[in-house]
Amino acid sequence: MDLYLDTAEVSEIREIASWGVLGGVTTNPSLVAKSGRGFEEVIREISAIVQGPVSAEVTAMEAPAMIAEGRKLAAIDPNVVVKLPTIVEGLKACKALSAEGIRVNMTLIFSANQALLAAHAGAWCVSPFAGRLDDISWDGMDLVAEIAQIFDIHAIGTRVLAASIRHPMHVLQAAKAGADIATMPAKVFQQLIQHPLTDKGLQQFLADWEKFKEKAKQP
């Protein structure tokens, strides 16, 4: 399962990319707005840092405008994946853009039926929002697993991107559910490496090494 950052903060992307484990980035208008920078400027800079897919979302709500905006976004960099909302107009735009060889991420997926429709429209990936389903007392990871199972049964090549990841357990659950990608905030990404026993063990190793060096100095 590939690990993506869900952010538009370039500093966060540079840091995680330096680890050598970052597979891609997802953004949306809300995240870019928080960065306080121009949309195309941010996408171009992210694409220069990340050697993987960068999802950039359209703001238009009608298919013709979505298609035009999607083409413009895709022209920024070969790594750009056009992000479309899973509505009827989004399906129309997805069909047109995918026919032109432009990769599409169908977002705001909350049912397996929506994911199936998106796959038939040619989506490169679908993004079920696990955390937002959890917020309304549904099991979001059940949906991720359901979509992954359906795609596997029918040999559908569309990727399953687990989105709205809230904590490290979500990442583990997404991997076990068969997601191809999990995208998460930088805070969650950083939590993946943390464990108190790792810290404790390292402290013990260093303490033992210092004792050994002191002993070696003695005549």
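A: Start with Asp135, which is exposed because its relative accessibility is 52%. Exposed means over 50% relative accessible area, buried under 20%, and partly exposed in between, with a 1.4 Å probe and protein chains only. This is a predicted model, so local features need pLDDT of at least 70 and side-chain atom pairs count only at pLDDT 80 or more, while totals for chains, interfaces and linings use all residues. Residues are numbered from 1 along each chain as its sequence is written, and side-chain values use heavy atoms, with hydrogens and water left out.

Asp135 has a partner. Its side chain meets that of Arg166 in a salt bridge, 3.0 Å from N to O. Asp135 sits in helix H7 (130-135) and Arg166 in the loop between strand S7 (159-162) and helix H9 (168-177), so the bridge ties together parts 31 residues apart in sequence. Helices (H or I, at least four residues) and strands (E, at least two) are DSSP runs, numbered from the N terminus. Arg166 is partly exposed, because its relative accessibility is 41%.

There is also a network. Arg14, Arg37, Glu41 and Glu45 are joined by salt bridges that share partners. One of its links is Glu41 to Arg37, at 3.0 Å from N to O. Glu41 has 42% relative accessibility, so it counts as partly exposed. Arg37 is partly exposed too, because its relative accessible area is 30%.

How many salt bridges does the whole structure hold? The cut-off is a side-chain nitrogen of Lys or Arg within 4 Å of a carboxyl oxygen of Asp or Glu. Side chains of opposite charge can pair when their charged atoms come close.

Another bridge joins Lys72 and Glu40, at 3.4 Å from N to O. Lys72 belongs to helix H4 (63-74) and Glu40 to helix H3 (39-49), so this pair links distant parts of the chain, 32 residues apart. Lys72 is exposed, with 53% relative accessible area. Glu40 is partly exposed, with 29%.

Now look at a charged residue without a bridge. Glu57, in strand S3 (54-57), is buried yet has no salt bridge. Where is the nearest side chain of opposite charge? It belongs to Lys83, 4.1 Å away. Here Lys and Arg count as positive and Asp and Glu as negative; His and the chain ends are not counted. Beyond residues up to four places away in sequence, Glu57 touches Thr27, Asn28, Pro29, Phe39, Glu69, Leu73, Lys83 and Thr107. Contact means heavy atoms within 4.5 Å.

Two of those names return around Val32. This residue lies in helix H2 (29-35). Val32 is buried, because its relative accessibility is 4%. Leaving aside neighbours within four places in sequence, Val32 contacts Ala8, Thr27, Arg37, Phe39 and Val42. The C-alpha atoms of Val32 and Ile43 are 9.0 Å apart, and the two residues are 11 apart along the chain.
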